[in-house]
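Hi,

Here is the structure I promised to send over. Please have a look at it first; my notes follow below.

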Amino acid sequence: MSRRAARDPRAIDFDAASEDVARALIGATLLVDGVGGVIVETEAYDQSDPASHTFMGPTARNAAMFGPSGHAYVYRSYGIHWCLNFTCRPAGHGAGVLIRALEPRAGIEQMQSRRGLADSRLLCSGPGRLGQALGITMAHYGLPLDRPPFFVAAPDAALEVIAGPRIGISKAMDHPWRFGLAGSRFLSKPFANG
């Protein structure tokens with residue numbers, strides 16, 4: 001496979017099950033207006049999952065998750081933090097992947113300014129921190145991931161991905177739908193198995 005094909009954002013099949021997309025995104029490059037890095041942690045959510053925003057069906061808030069795959073679903077957590085999700089599965093299903101952490105690689109000074117700190121390990125280690133560092137707002141809601149301001153490219157090589165229970169939720173906590181890059185120091189929290 002050529003390098004160009006490996007970096008083609010279409011190489012990530014957003015029409016797949018959320019847990020498959022969440023795993024495939026580990027090691028992918030994510031940039032928003034040229035700022036970002038390598039995704040090192042994700043969580044999958046599906047309409048059949050009581051922890052998902054789509055569990056009770058379509059609403060004005062979660063409409064993007066019922067739309068086409070490969071788009072941004074943005075919401076505010078605790079009324080404070082903007083969180084970035086990628087929609088997946090065929091339209092109408094209601095599934096997505098929360099981008100929990102990334103390793104900063106591009107626009108680090110801009111991320112440091114937005115977050116008000118210099119420690120690169122803490123810039124994007126958690127969905128709220130990541131949203132702030134990337135400048136995510138409701139203006140990104142529903143935007144396609146295959147054109148500006150987004151750039152998403154599949155990993156260049158196979159990576160060791162670890163899985164475990166999702167964190168920060170009170171329902172379906174046993175689902176092993178949190179995925180991370182083994183050995184990354186940029187995770188929001190360590191995995192019990194790695």
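From the N terminus, the elements run α-α-β-β-β-β-β-α-α-α-β-β-β. That comes to five helices and eight strands. Please keep in mind that this is a predicted model.

Some overall numbers. The chain has 194 residues, and 53% of them are buried. Its accessible surface is about 9000 Å², with 54% belonging to carbon and sulfur atoms. Take the contacts between residues at least 6 apart in sequence: 60% of these join residues at least 24 apart.

Strand 1

Strand 1 covers residues 29–32. Thr29 and Leu31 sit on one side, Leu30 and Val32 on the other. All four are buried, so both faces of the strand are covered.

Strand 1 pairs with strand 2 (residues 35–45). The two run antiparallel and are joined by four bridges. Thr29 has Val38 of strand 2 as its bridge partner. Two residues separate the strands, and together they form a hairpin. Asp33, in the turn, has a positive phi of about 50°.

Strand 1 also pairs with strand 6 (residues 150–153). This pairing is antiparallel too, again over four bridges. Here the bridge partner of Val32 is Phe150.

Salt bridges

The whole structure holds six salt bridges. Side chains of opposite charge can pair when their charged atoms come close.

Glu41 is the residue to look at here. It forms a salt bridge with Arg100, with the closest N and O atoms 2.8 Å apart. Arg100 lies in strand 5 (residues 95–106) and Glu41 in strand 2, so this pair ties together parts 59 residues apart in sequence.

Are these two buried or exposed? Both are buried: Arg100 has a relative accessible area of 8%, and Glu41 has 0%.

Glu41 also meets Arg178 in a salt bridge, at 2.7 Å from N to O. This pair links distant parts of the chain, since Glu41 is in strand 2 and Arg178 is in strand 8 (residues 178–181), 137 residues apart. Arg178 counts as buried, at 3% relative accessibility. Through shared partners, salt bridges join Glu41, Glu43, Arg100 and Arg178 into one network.

Another salt bridge is between Arg105 and Glu103, where the closest N and O atoms are 3.3 Å apart. Arg105 is exposed, with a relative accessible area of 54%.

Best wishes

Definitions and conventions: Residues numbered from 1 in each chain as written. Predicted model: local features only at pLDDT ≥ 70, side-chain atom pairs only at ≥ 80, totals over all residues. Heavy atoms only, no water. Buried < 20%, exposed > 50% of the residue type's maximum accessible area, 1.4 Å probe, protein only. Contact = heavy atoms within 4.5 Å. Areas by Shrake-Rupley, 256 points an atom, 1.4 Å probe, with all protein chains shown as cover. Pairing = 2+ DSSP bridges. Salt bridge = Lys/Arg side-chain N within 4 Å of Asp/Glu carboxyl O.
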